[in-house]
Amino acid sequence: MDDDGDDIPQLSSHTLAALQEFYLEQQQREGMKTSQGFNQYSIGSIEEDWQLSQFWYSDETASRLADEAVVAAGKGGRIACVSAPSVYQKLKEQDGKDFSVCILEYDRRFSVYGEEFIFYDYNHPLNLPENLLPHSFDIVIADPPYLSEECLQKTAETIKYLTKGKILLCTGAIMEEQAAKNLGVKICKFIPKHARNLANEFRCYVNYVSGLD
Ligand SMILES: C[S@@+](CC[C@H](N)C(=O)[O-])C[C@H]1O[C@@H](n2cnc3c(N)ncnc32)[C@H](O)[C@@H]1O
């Protein structure tokens, strides 16, 4: 075989373009594209998986909740996003502001966010890393995956372990009574919206004087 390259199989420009398009879409799907201009924290960069009860907030709602969390956490505050990855992503878009944030999530695709990702399964509410100290977050924002009392009770255990006091819960309107019973939170006027229309009505609940009323 000679070494002038004539024997190396070549792809047609059409095939090459199709292949490039495939890789581009794949990178976007996985939220891994890091080339210039792509925001790895944009909501939807990791697609909804309905098997995991994933329904992302609209951009406006994620921004409103992120802004609320920053104000509630205060200067240099720590924020925990429990099963609420879009709020984490929105907070990271604002990086540079004076706060720190962790994402507690069951979906390991979010481990692309590095050390701030903490694997979390609500079925084992206190099965958390040792370095996650009790009452070490100024505010915990949580959106449990299921509208059941069992899921809320278990997620509430995690929330109460992590928070210094402030809680912002997003869940179905039908969970109002159970949210009050398990976490002492009250419904807010602000109505969260999702990227897709959901059959269930959602609400936010807090246990402090918030900007969501
Ligand atoms: C109703 S969605 C809330 C997402 C929120 N609306 C957002 O946009 O960030 C429920 C979340 O719970 C997560 N989840 C699914 N199964 C879980 C489990 N066993 N333990 C904890 N979280 C879980 C999903 O991955 C999803 O992020």
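A: Two strands pair if DSSP finds at least two bridges between them. By that rule, β6 and β7 pair, running antiparallel, with two bridges. Strand β7 is our part, covering residues 202-206. Helices (H or I, at least four residues) and strands (E, at least two) are DSSP runs, numbered from the N terminus.

The model is predicted: local features need pLDDT of at least 70, side-chain atom pairs count only at pLDDT 80 or more, and totals for chains, interfaces and linings use all residues. Residues are numbered from 1 along each chain as its sequence is written. The mean pLDDT (the predictor's confidence in each residue, from 0 to 100) of the chain is 89. Residues reaching 70 or more make up 82%.

Strands of a sheet pair through backbone hydrogen bonds, either parallel or antiparallel.

Now the side chains. In a regular strand they alternate between the two faces of the sheet. In β7, Phe202, Cys204 and Val206 point one way. Arg203 and Tyr205 point the other way. All of them are buried (20 or more other C-beta atoms within 10 Å of the residue's own; exposed means 12 or fewer, partly exposed in between; C-beta atoms are placed from the backbone). With five of its five residues buried, β7 is therefore largely enclosed by the rest of the structure. Over the 213 residues of the chain, 33% count as buried.

Step back to the sheet. It is open, has seven strands and mixed pairing, and its order is β3-β2-β1-β4-β5-β7-β6. The edge strands, each pairing on one side only, are β3 (117-119) and β6 (186-187). Helix α2 (residues 59-73) packs on this sheet.

Finally, the whole chain. It holds five helices and seven strands. From the N terminus on, the elements run α-α-β-α-β-β-β-α-β-α-β-β.

Note on methods. Contact = placed C-beta atoms within 7 Å. Axes fitted to C-alpha atoms, helices over the stretch in contact; angles between N-to-C directions.
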